[in-house]
Amino acid sequence: YTRGTVTAFSPFDARADAEALRKAMKGMGTDEETIMKILTSRTNAQRQEIASAFKTLFGRDLVDDLKSELTGKFENLMVSLMRPTYIFDAHALKHAIKGAGTDEKVLTEILASRTPAEVRNIKQVYLQEYEANLEDKITGETSGYFQRLLVVLLQANRDPDGKVDEGLVEQDAQVLFRAGELKWGTDEERFITILGTRSVSHLRRVFDKYMTISGFQIEETIDRETSGDLEKLFLAVVKCIRSVPAYFAETLYYSMKGAGTDDDTLIRVMVSRSEIDLLDIRQEFRKNFAKSLHHMIQRDTSGDYRKALLLLCGGDDE
């Protein structure tokens, strides 16, 4: 991954950063500027070293100090930046399925966009950290075809990319066409199997072929034939097959479009993609929404929260 906006800071001195952060939070008033400058310009691995140096030097927990000194969305963003990368998704999923009501949006976003290797890792971490089986937790909180597609994605057994068999492409496209456009009531199971298990390059060809056969984009059929959480999950899977950065550009756009901002989504995506593909996401954003991500964040947020998000965004593409 080299398409992130956040890269290893050099020369890096974890102790010097820890001292600067302690100074920023000590005594009366907090120096938010210093905190955001340091945390948004270090990689997650470097932030973990800073936390460790902070404890060594002062016997204090950096995250606890950030929580007691900061408030609101800015606090949420800084604390999210401090969460170890390997646990980030597992933590988000845990919070999406705990207590009353499940946050289907989070389950959809994470399980549709992560690679099979990432999903395997999430399951393993979930078990270690929370002593619970992620699949059991998810099946306990979901139902119907939405649940089944999540379970298929959780198996993380998508075919690896290889040579694409045109005969099989044609066959899958026909099956999807018959299941979607030609039958009254969609055959969801066929959609789930094909979208959940075929390789990315194979499915991209299937989508092209589907368009040729039916005259519709597959998204249009899904939109017409399904609804609710299942529709959103199908669409997220299709969009991620086409382009993960384009999917996240759209996710960010809709987190800010219209009245009110979905800050949880905005923070989750900005933090989780900052070292992976945020540069590509910015590019897709500019291309698809005729404005820059930087511009939209600027317009939609305020205060230290805005300043920190803009630092993470790392540049304007106007």
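Reply: In this predicted model, the axes of helix H4 (residues 62–69) and helix H5 (residues 72–82) come within 9 Å and cross at roughly 175°, the axes being lines fitted to C-alpha atoms over the stretch in contact, with angles from 0 to 180 degrees between N-to-C directions. H4 and H5 are therefore roughly antiparallel, a label for angles over 145 degrees.

Me: Which residues make the contact?

Reply: Leu62, Val63, Leu66 and Lys67 of H4 meet Glu75, Val79 and Met82 of H5, where contact means heavy atoms within 4.5 Å. By class, that contact has 5 nonpolar, no polar and 2 charged residues.

Me: What are the cut-offs behind the model and the numbering?

Reply: Local features need pLDDT of at least 70 and side-chain atom pairs 80 or more, while totals for chains, interfaces and linings use all residues. Residues are numbered from 1 along each chain, and side-chain values use heavy atoms, leaving out hydrogens and water.

Me: New topic: how many helices and strands are there?

Reply: The protein chain comes to 20 helices and 0 strands, counted as DSSP runs (H or I, at least four residues, for helices; E, at least two, for strands) and numbered from the N terminus.

Me: And H7, buried or exposed?

Reply: Helix H7 (residues 104–113) is mostly covered, with 8 of its 10 residues buried, meaning under 20% relative accessible area with a 1.4 Å probe, protein chains only. Among those buried are Val106, Leu107 and Ile110. Over the protein chain, 48% of the 318 residues count as buried.

Note on methods
Buried means under 20% relative accessible area, exposed over 50%, partly exposed in between (1.4 Å probe, protein chains only). Angles under 35 degrees count as roughly parallel, over 145 as roughly antiparallel, 65 to 115 as roughly perpendicular and the rest as oblique. Ala, Val, Leu, Ile, Met, Phe, Trp, Tyr, Cys and Pro count as nonpolar, Asp, Glu, Lys and Arg as charged, and the others, Gly among them, as polar.
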